[in-house]
Amino acid sequence: MKEDRGKNGRRPVFLHKRDIVILLVAAIVAVVLWLVLTRGSDAGAVARVTIGLGDAQRSEEIALNADGVHNLMAELPVHLQVQDGAIRFVHSECPDHLCEDFGWLRYDGDWAACLPAGVVVRIGDTPLPQSLGE
Ligand SMILES: [Zn+2]
């Protein structure tokens, strides 16, 4: 009798408490992984640096996942700083220092230029504004 009641009285249980905990943990792990991977893809971004003018123009890629300062010898010496997946002109020997006012470049399409030094920095493949392409 007891056995029967126990057997028939219970509704079929698909989710035990332990299963719910496991599902919650899996969901949390998934969210954390997603955050880490999303952040990781940002950190894997690259800045494309165009140096020089005309025929002497060359380009370099600077990975944004390694903090540090990159010293470039362009028309004028330029120093680019990479930190936390972003890059900026930290110092340039140009007369106006406008490039340093661009601030941090982090997102696809962000760009900055030091025209006296002939250096253009951009994130991703977004084309430059027409005025800088000449
Ligand atoms: Zn400048």
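The structure is a predicted model, in which local features need pLDDT of at least 70 and side-chain atom pairs count only at pLDDT 80 or more, whereas totals for chains, interfaces and linings use all residues. Residues are numbered from 1 along each chain as its sequence is written.

**The whole chain.** Begin with a cartoon view of the protein, which contains two helices and seven strands. Helices (H or I, at least four residues) and strands (E, at least two) are DSSP runs, numbered from the N terminus. Along the sequence, the pattern reads α-α-β-β-β-β-β-β-β. Of the 134 residues, 20% are buried. A residue is termed buried if 20 or more other C-beta atoms lie within 10 Å of its own, exposed if 12 or fewer, and partly exposed in between, with C-beta atoms placed from the backbone.

**The three-stranded sheet.** Next, select the open sheet with the order β3-β4-β5, in which the pairing is antiparallel. Two strands pair if DSSP finds at least two bridges between them. Its edge strands, each pairing on one side only, are β3 (68-73) and β5. Six bridges join β3 and β4 in the antiparallel sense. Select Val-69 to find Gln-81 of β4 standing opposite.

**The largest nonpolar core.** A nonpolar core is a set of buried Ala, Val, Leu, Ile, Met, Phe, Trp, Tyr and Cys residues joined through C-beta atoms within 7 Å. The largest one here has 21 residues, and those touching the most other members are Ala-47, Val-78, Leu-80, Ile-87, Cys-114, Val-119 and Val-121. Two or more residues each come from β1 (46-51), β4 (77-83), β5 (86-92), β6 (111-114) and β7 (119-123). The largest share, four residues, is from β7.

Now centre on Val-78. Its contacts (C-beta atoms, placed from the backbone, within 7 Å), leaving aside neighbours within four places in sequence, are Leu-72, Phe-89, Ser-92, Cys-114, Ala-117 and Val-119.

**Two loop residues.** Most residues other than glycine have a negative phi. Select Asp-84, in the loop between β4 and β5; although not a glycine, Asp-84 has a positive phi of about 50 degrees. Asp-84 is exposed, with 12 other C-beta atoms within 10 Å.

Finally, move to His-97, in the loop between β5 and β6. His-97, also not a glycine, has a positive phi of about 60 degrees. With 13 C-beta neighbours inside 10 Å, His-97 is partly exposed.

Key. Contact = placed C-beta atoms within 7 Å.
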